[in-house]
Amino acid sequence: MSQLSKYKRTVLSLICSAVTTVSFYMKSGGGKLSASVKASPLYEFTLYKLLNHIIKSVGPLDIFSLLIFAAVFYFFLKRPEYKGTRAQKLFAYLFSLFVPFVQLLCESYNKVSSWDMVFGSKSAVLIAVIKIIGFSFPVYTMFCFLSNVEYSPVALKGNYKKSSFKSDLIKYTVLFFICWIPYMILLYPGCFSPDCKDELAQIFNNRECCWTQRSIVLLDDSVILNNHHPVLYTAILALFVKFGKAISSYAVSFEIMCMLQALLLALSFAYTIAVMKKHLCKKSFTVCSAVFFALNPLFPIYSMTVVKDTLFCVLFVLTVVQLYEIAVVEKISFKRMFAFFFTLILFMLIRNNSFYIMLVVFILLIIILFKEKKRMLKVGSVVLAALLVFQIGFVSILYPALSITPGSKREMLSVPFVQTARYIKEHRDEISEDDEKAILNVLNNGGTLEEIGKAYNPLISDSVKNKFNKYSDNEDLVKYFKVWFKGLKAHPSTYIQAYLNLHYGWFCLEKKSLVAYSRVGDTHITDLIEDFPNYMGNPAFRSSVNTFMDLIDSNPVSKVFIRTVTYSWLYVFLLFYSLKHKRFKALLATSVVFLNYLICFAGPISYMRYAVPMVCVVPFTIFISLKSDAKT
């Protein structure tokens, strides 16, 4: 490097460090100007106002600011050149601008439930631009360092003994299960979610406690069993209710159920590690994965929760791992194809949205495996057969024959309903009588538009969804969406803000939300099972788990393992990395993860319960994304 180049690089590093340090101390939205500034003759000039806002928005610089300056200067000066084409370099910096922009939006929604701290005024926009540019330098520096890292050592050309696969399954299953035993004791006899209460109400045919039957038109008024919650999990729950009655202890019965959930989850994690070792995973990465599975409290707590998501996690892991194996192994045996088919059937039975995930995966595997026609036909036939068996055999034939009602249409309309409620709240006077009628035909449980507006909660859609008219037909929905599109055209910012307000938590560093159901809450299971007085377990024991979770969440290092934002950004990085390095077979498997995220982004709320399945496959997705496809 020439002296001139070194000089330019040093000057650039100084400028970047100064802008980053100032950005770190700037208050979003601008500072409050004093009366003397406003009294100045120059106050009528926009530039004068903006400069004063910038000055007032910078907090007091201290010794810590010097450390920030020095750190940014050193790393930006020493950064290696970004490895990639000119287009990839441009993309890297644009993405480096995108990351702080998203965080500023998240901060604004977290504090004022709007984007006003970014777009609310000229000074807010200017300060946001400065902060975005300033924080983009450390992000871009990280990209430069990461681009030079050789990730292929994650996959070693080591020796693998075929006989060790079964022993790995047993060894790691026992390890994880033992590490989770304290939670099984402290959370006895399990944690009960609101969904569990509704499923129990279906089992006992208790209409008063079954809220789902109030949102659907039953196929048979005498049968309140419905597919809002997967029928398979409700049936499993019914078995343990009968077992509890038979042994005269529901507590023991539910504890056994939760322990079996934990065992299955531990087994799926053990299977993940065994497959990674079979594909020559580096020992240190395997150890880190095992520690992650054993010590992350999310897994044992959800194992001890009576909710469908735990078994969904098990099948989610098996689907991703088996999909990768069946897409890359040289020989596909009938035994492997049948195992994958059986997994997919259970995967779709345990979560209704899984059908749509696998439908898109079917299209993707045809595209990705098109050049390997024999493999494409075998894998495609398995997925297609599973889709047809589920949709025709279960949804179209078996469920109607048993008078099991499908779930409510409202579950797919969380986002538009929330947008409508915010539109009503902000632009009520622009809604005509005809438009009002169209809205109330679909949301008439609200009574009036004003009541729908009052029900608006920017962080969750349930309060608006509860206004849904279960008797509304397709014609009513068509009219509603015409009004919805009219509002979108008139005030797009209202719709965008309603959506961002609902789902910014997936990418926000500071937003706190429900992590797990370790607290009993107001789920009164005794309303349904009168002789189950100890369903809350030992309050002191349960309190110790809650205290431990609060401690983890209060520590800036440990909380990254129980926050949704960590895994959202991780998967964003893995997606771009896989696309850049053309890890298409890895993307075929991880597409299950990304498609599930898309479903979550259309859901009623952003919180950890929906993210846990993606957390369960983090080690495996990292491994296959970084692993070279040269041998596959």
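Predicted model: local features only at pLDDT ≥ 70, side-chain atom pairs only at ≥ 80, totals over all residues.
## Helices α26 and α28

Helix axes here are lines fitted to C-alpha atoms over the stretch in contact, with angles running from 0 to 180 degrees between N-to-C directions. Helix α26 covers residues 584-601 and helix α28 covers residues 618-626. Their axes come within 9 Å and cross at roughly 155°. Anything over 145 degrees counts as roughly antiparallel, so that's how α26 and α28 run relative to each other. As for handedness, α26 passes α28 in a left-handed crossing.

Which residues of α26 and α28 meet? On the α26 side you'll find Ala-586, Ala-589, Thr-590 and Val-593, and across from them in α28 sit Thr-621, Ile-624 and Ser-625. Sorted by class, that contact has four nonpolar and three polar residues, with no charged ones.

## Helices α8 and α11

Now for another pair: helix α8 (residues 164-186) and helix α11 (residues 250-278). Here the axes come within 8 Å and the crossing angle is roughly 140°. The crossing of α8 with α11 is right-handed.

The make-up of the α8 and α11 contact by class is 19 nonpolar residues, one polar residue and five charged residues.

How many disulfides turn up in the whole structure? A search finds zero. A disulfide is a covalent bond between the sulfur atoms of two cysteines, and the cut-off used for calling one is a sulfur pair within 2.5 Å.

Take Cys-191 as an example. The cysteine sulfur closest to its own belongs to Cys-258 and lies 7.4 Å away, which is too far for a bond. Cys-191 is also buried, with a relative accessible area of 1%. Cys-16 is another buried cysteine, and its relative accessible area is 1%.

Methods. Residues numbered from 1 in each chain as written. Heavy atoms only, no water. Helix = DSSP H or I, 4+ residues; strand = E, 2+ residues; numbered from the N terminus. Parallel < 35°, antiparallel > 145°, perpendicular 65-115°, else oblique. Left-handed = near helix turned anticlockwise from the far one by under 90°. Contact = heavy atoms within 4.5 Å. Nonpolar A, V, L, I, M, F, W, Y, C, P; charged D, E, K, R; others polar. Buried < 20%, exposed > 50% of the residue type's maximum accessible area, 1.4 Å probe, protein only.
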